[in-house]
Amino acid sequence: LLYCFICCIQLLVSLTGMDLPKRHHRMETPLKQLKRMQWFFNITTTEMYKELTKSSMALTDMRASRSAFSVALNNDKMLTCFGPFGQDRMIIYRHVFLNLGGGYDVATGTFTVPRSGVYSLAVTIYSRGSASGATMDACANLQVNGQAVYKLSEKNSQDPEDSATVVMAMKLSAMDQVAVSLPKGCLVCDDNNHFNTFTGFLLYATD
């Protein structure tokens, strides 16, 4: 009987000993899976955070890139004229349609370029000699940093009205000053029909 008891104990130990690694293996597998899932979750969270940061930076950059303005000489009910003068004068557009980004200064009539890029610029001028009793010389200069980049002019004595328009794309640098000047002897006339406008906006940034 003792021998049989010892044999049973040895068999039980043997079986238990063989089974323990298997049980341990079966208990270890879910733990490994959990760790693997945790690792994958951490990686996914990190990648998502990186993508979110990139998107946030892109959105911030897009907001910073929004630059557009559109202004008119005035918004008067009656037609009034600016000029002619004995010397060149800056044209200050008082009526603001749009000033996205705040680059246009209504006090000086100057648009300060917020960031380097290619910009679309447009100027339309109009004059009516009979409104001022002066010679009908519609002319103006689109200028960058005080230098004329385009000269608008129409001097037609066949009718009482003169007008001219320019639309152009220009590569500008941050802090450039864009404005429209009125040459000596010229005039522009406007009312709430907005015959005289100055418009610009960023097409794409280059910095």
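A nonpolar core is a set of buried Ala, Val, Leu, Ile, Met, Phe, Trp, Tyr and Cys residues joined through side-chain atoms within 4.5 Å. Buried means under 20% relative accessible area, exposed over 50%, and partly exposed in between (1.4 Å probe, protein chains only).

This is a predicted model: local features need pLDDT of at least 70, side-chain atom pairs count only at pLDDT 80 or more, and totals for chains, interfaces and linings use all residues. Residues are numbered from 1 along each chain as its sequence is written, and side-chain values use heavy atoms, with hydrogens and water left out.

View 1. Helices (H or I, at least four residues) and strands (E, at least two) are DSSP runs, numbered from the N terminus. The chain has 207 residues, and 31% of them are buried. Contact means heavy atoms within 4.5 Å. Among contacts with a separation of 6 or more, 75% are between residues 24 or more positions apart. The chain exposes about 13,200 Å², with 60% supplied by carbon and sulfur atoms. These areas come from the Shrake-Rupley method with a 1.4 Å probe; for residues, only the protein chains shown count as cover.

**View 2. The largest nonpolar core has 29 residues.** Y93, V123, V178 and F198 touch the most other members. At least two residues of this core come from each of β1 (68-72), β7 (117-128), β8 (138-144), β10 (161-172), β11 (177-182) and β13 (197-205). Strand β8 supplies the largest share, 5 residues.

**View 3. The contacts of Y93, leaving aside its neighbours within four places in sequence.** Which residues does Y93 contact? V71, A72 and L73 are among them, as are Y104 and V106. Others include V123, V180, N196, T197 and F198.

**View 4. An open sheet is formed by 5 strands.** Their order is β4-β1-β13-β7-β10, and the pairing is antiparallel. Two strands pair if DSSP finds at least two bridges between them. The edge strands, β4 (95-100) and β10, each pair on one side only. From one strand to the next, the twist averages 10°. Axes are lines fitted to C-alpha atoms, for helices over the stretch in contact, and angles run from 0 to 180 degrees between N-to-C directions. Inside this view, β7 and β13 run antiparallel, joined by 8 bridges. A122 has T199 in β13 as its bridge partner.

**View 5. A disulfide joins C81 to C189.** A disulfide is a pair of cysteine sulfur atoms within 2.5 Å. The S to S distance here is 1.9 Å. The torsion about the S-S bond is about 100°, so this disulfide is right-handed. C81 sits in strand β2 (residues 80-82) and C189 in strand β12 (residues 188-190); the pair links distant parts of the chain, 108 residues apart. Is each cysteine buried or partly exposed? C81 counts as partly exposed because its relative accessibility is 28%. C189 counts as buried, at 0% relative accessibility.

**View 6. A disulfide also joins C139 to C186.** Its S to S distance is 1.4 Å. The link is left-handed, with -100° about the S-S bond. C139 lies in strand β8 and C186 in the loop between β11 and β12, so the pair ties together parts that are 47 residues apart in sequence. C139 counts as buried at 5% relative accessibility. C186 is buried too, with a relative accessible area of 4%. The structure holds 2 disulfides. With bonded cysteines counted along the chain, their pattern is 1-4, 2-3.
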